[in-house]
Amino acid sequence: MHAHVPSSDVAITDTSPASTVRPPVAAAVRAPAEQTWTPRLWGVLAVLCAVLFLDGLDVSMVGVALPSIGAELGLSTTSLQWIVNGYVLGYGGLLLLGGRTADLLGRRRVFLTALAVFAVASLVGGLVDDGTLLIVTRFVKGLAAAFTAPTALSILTTTFHEGPARNRALSVFSVFGASGYSSGLILGGLLTSFGWRWTFLTPVPLALIALVAGIALIPRDRPSADGGHDIVGAVTLTGGMLLAVYTVVSAPDRGWLDPFTLGSVALAAALLAGFFVTEKRVRHPLIRLGILRIGSIVRANLSIVALFGSYLSFQFMMTLYLQDVLHWSPLKMAMGLLPAGLLVAFGSPFVGRLIDRYGTPPLIISSMASLSLGYVWFLATAGNVPHYAFTILPTMLLLGGGFAFGFSSIMAQATDGIDDSEQGLASGLVQTSGQVGAALVLAVVTALVAGGTASGGDGFAEFHPGVNLVSAVAVVGLALNLIPLLRRTRPRHA
């Protein structure tokens, strides 16, 4: 019986091809004892959760502060979305490289180094006076998160055995993400009252505390004996996504048939095509394309696009609408959106048990259905001036329920059956899908909202096209998960 926290090179995960051969009964009996939740094991989980908490805290605090940032620095709606998308694209563009780097150089080393960069970027972001520099710091912060996020999830999935232990850990992990988001709404509302810069400076001491704790608690692991980095793949993916988002955001002003727009579209497509060509030919690709032949993993990656893309874009619109149009204070706006975060925080602990009992597909379907119903309800009842109790509150509860069921279930499905050597790849892939998908959906939503503003939309009318889009994204996510289930049930009935 081991009392220490298992490191990544000795963690037991029954996911390799050899796992089809069942172990002896005695080994099956001893396995739970080896996974005893010791104080140090809880400590490692606490450090990982603290980083996810910081991520949720940072996203929601900055979201609350967007109108104040725009007013002080003179940023338009299009520029404000780059404060969100700068972070998201830096995050999503290098997530795969981050996960691969963790596998090759050691999860502990990569995790702690990236966390230190995250703290420095937060400090600089709170001190700059130029909108462009602020966006740059957000991009750098996203780059740091691109290494902390997949590494944290990789440490978790290689430390906790696949099954009840891992599902329980993922549920706790999700709770802290939701708690960070909920805390960030309230804290962001309070801090923005004193100045938006405090929303950037507050994560600094928290990141430093997590860094010290990580140095003390996270066990050392051995880097991979062989392998390499796919720099060309990372550059083509990040460059292609940045250019694609920039093109979508700038096209309404330039015109979709403007030579610059058409050239940007062609170049973005060429970079993304170059990424996939590179992945087929390079010796150590960011994505082993064979992993995309696994249907459950593909559905998990598409589901996270629907989850993150629709939710992040809806939050962006509600933040601007409630503060800029209805003139709510930052704190009042934060409290108005808080029910969704609270529902995720209190609902996520039970998701692990539900996964054990029902599996991930039914829970992901429930998540997509709840999201779709939330957006459709908003569209059906909003009118020109949405009523909070009748429209906004039910919508936030449905979205919170969808996120609570969806996040842990999607993460579990995306990493189930994957060998420890590729946990960084699998976790990086699903998070990349979520962040890149969110960036693209938000870019299109921003273009639609900017078009509504230019056409003289009044009240919530200028935001209606954006809500139509996020509703369609959620419905597509629901359909993608329903179709395979229907195909499996037909032969049984026959």
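**Figure 1. Overall surface and fold of the predicted model.** The protein exposes about 19900 Å², and carbon and sulfur atoms supply 69% of that area. Accessible areas come from the Shrake-Rupley method with a 1.4 Å probe; for residues, only the protein chains shown count as cover. This is a predicted model: local features need pLDDT of at least 70, side-chain atom pairs count only at pLDDT 80 or more, and totals for chains, interfaces and linings use all residues. Residues are numbered from 1 along each chain as its sequence is written, and side-chain values use heavy atoms, with hydrogens and water left out. The protein has 18 helices and zero strands. Helices (H or I, at least four residues) and strands (E, at least two) are DSSP runs, numbered from the N terminus. Of the 494 residues, 56% count as buried. Buried means under 20% relative accessible area, exposed over 50%, and partly exposed in between (1.4 Å probe, protein chains only). Contact means heavy atoms within 4.5 Å. Among contacts between residues at least 6 apart in sequence, 85% join residues at least 24 apart.

**Figure 2. The salt bridge between Arg138 and Asp58.** A salt bridge is a side-chain nitrogen of Lys or Arg within 4 Å of a carboxyl oxygen of Asp or Glu. By this rule the model holds four salt bridges. In the bridge of arginine 138 with aspartate 58, the closest N and O atoms are 2.7 Å apart. Arginine 138 lies in helix H6 (residues 131-159) and aspartate 58 in helix H2 (residues 39-73), 80 residues apart. Both residues are buried.

Figure 3. Glutamate 72 and arginine 197 form a salt bridge (3.7 Å, N to O). Glutamate 72 belongs to helix H2, while arginine 197 sits in the loop between helix H7 (164-194) and helix H8 (198-201), 125 residues apart. Glutamate 72 is partly exposed, at 48% relative accessibility. Arginine 197 also meets aspartate 129 in a salt bridge (2.4 Å, N to O). Aspartate 129 is in the loop between helix H5 (107-125) and H6, 68 residues from arginine 197. At 59% relative accessibility, aspartate 129 counts as exposed. Elsewhere, salt bridges that share partners join Asp58, Arg138 and Lys141 into one network.

**Figure 4. The nonpolar core around Ile69.** A nonpolar core is a set of buried Ala, Val, Leu, Ile, Met, Phe, Trp, Tyr and Cys residues joined through side-chain atoms within 4.5 Å. The largest core has 133 residues, of which Ile69, Phe111, Leu307 and Phe314 touch the most other members. H2 gives this core its largest share, 16 residues. Beyond its neighbours within four places in sequence, isoleucine 69 contacts Gly74, Leu75, Leu80, Ile83, Leu134, Trp196 and Phe200.

**Figure 5. Aromatic pairing at Tyr321 and Phe463.** Rings of Phe, Tyr and Trp (its six-membered ring) pair if their centres lie within 6.5 Å; planes under 30 degrees apart count as stacked, over 60 as edge-to-face and the rest as tilted. The count comes to eleven aromatic pairs. The rings of tyrosine 321 and phenylalanine 463 have centres 5.8 Å apart and planes at 75°, so this pair is edge-to-face. Tyrosine 321 is in helix H12 (residues 295-325); phenylalanine 463 is in the loop between helix H17 (423-454) and helix H18 (464-493), 142 residues apart. Tyrosine 321 is buried at 0% relative accessibility, and phenylalanine 463 is buried at 3%. Ring pairs also link Phe308, Tyr311, Phe403 and Phe407 into a cluster.
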